[in-house]
Amino acid sequence: MKSIIRMTPQTNIVLSTARRLGHASNSQILIEAHKTMPDLSATTVHRITNRLIDGGILAKGPEINGTQLVDANVTAHDHFMCSACSGIKDLRINNDLR
């Protein structure tokens, strides 16, 4: 059973930032969230993203160079990472092709 997540102002900022970025590290979320909530701490962002992932509102994204990303897309999907720009895109690969 998933727990109820309290939607504090901090949680709302972290969630909206993660959704806007799509795939992001906690550090990237913190940098963007600081624009509207400068007192937000890295620890708070980490705790909030973990609660949102545990609650199924966000998902764990790919790990890139040792950094775990948060993924705003909670549906089943794969990831494509561009070797030129390091951008990450969601895609679905037919199970028959795997």
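How many helices and strands does the protein have?

1. The protein has three helices and five strands, where helices (H or I, at least four residues) and strands (E, at least two) are DSSP runs numbered from the N terminus. Read from the N terminus on, these elements follow the order α-β-α-α-β-β-β-β.

2. This is a predicted model, in which local features need pLDDT of at least 70 and side-chain atom pairs count only at pLDDT 80 or more, while totals for chains, interfaces and linings use all residues. Residues are numbered from 1 along each chain as its sequence is written, and side-chain values use heavy atoms, with hydrogens and water left out.

3. Taken along the principal axes, the box filled by the C-alpha atoms is roughly 45 × 35 × 20 Å. Of the 98 residues of the protein, 34% count as buried, a term that stands for under 20% relative accessible area (1.4 Å probe, protein chains only).

4. Among the contacts (heavy atoms within 4.5 Å) with a separation of 6 or more, 38% come from residues 24 or more positions apart.

5. Three strands form an open sheet in the order β1-β3-β2, with antiparallel pairing; two strands are taken to pair if DSSP finds at least two bridges between them. The edge strands, each pairing on one side only, are β1 (23-24) and β2 (59-64).

6. Between β2 and β3 (residues 67-71), the antiparallel pairing extends over four bridges. Here the bridge partner of I64 is T67 in β3.

Notes
Buried means under 20% relative accessible area, exposed over 50%, partly exposed in between (1.4 Å probe, protein chains only).
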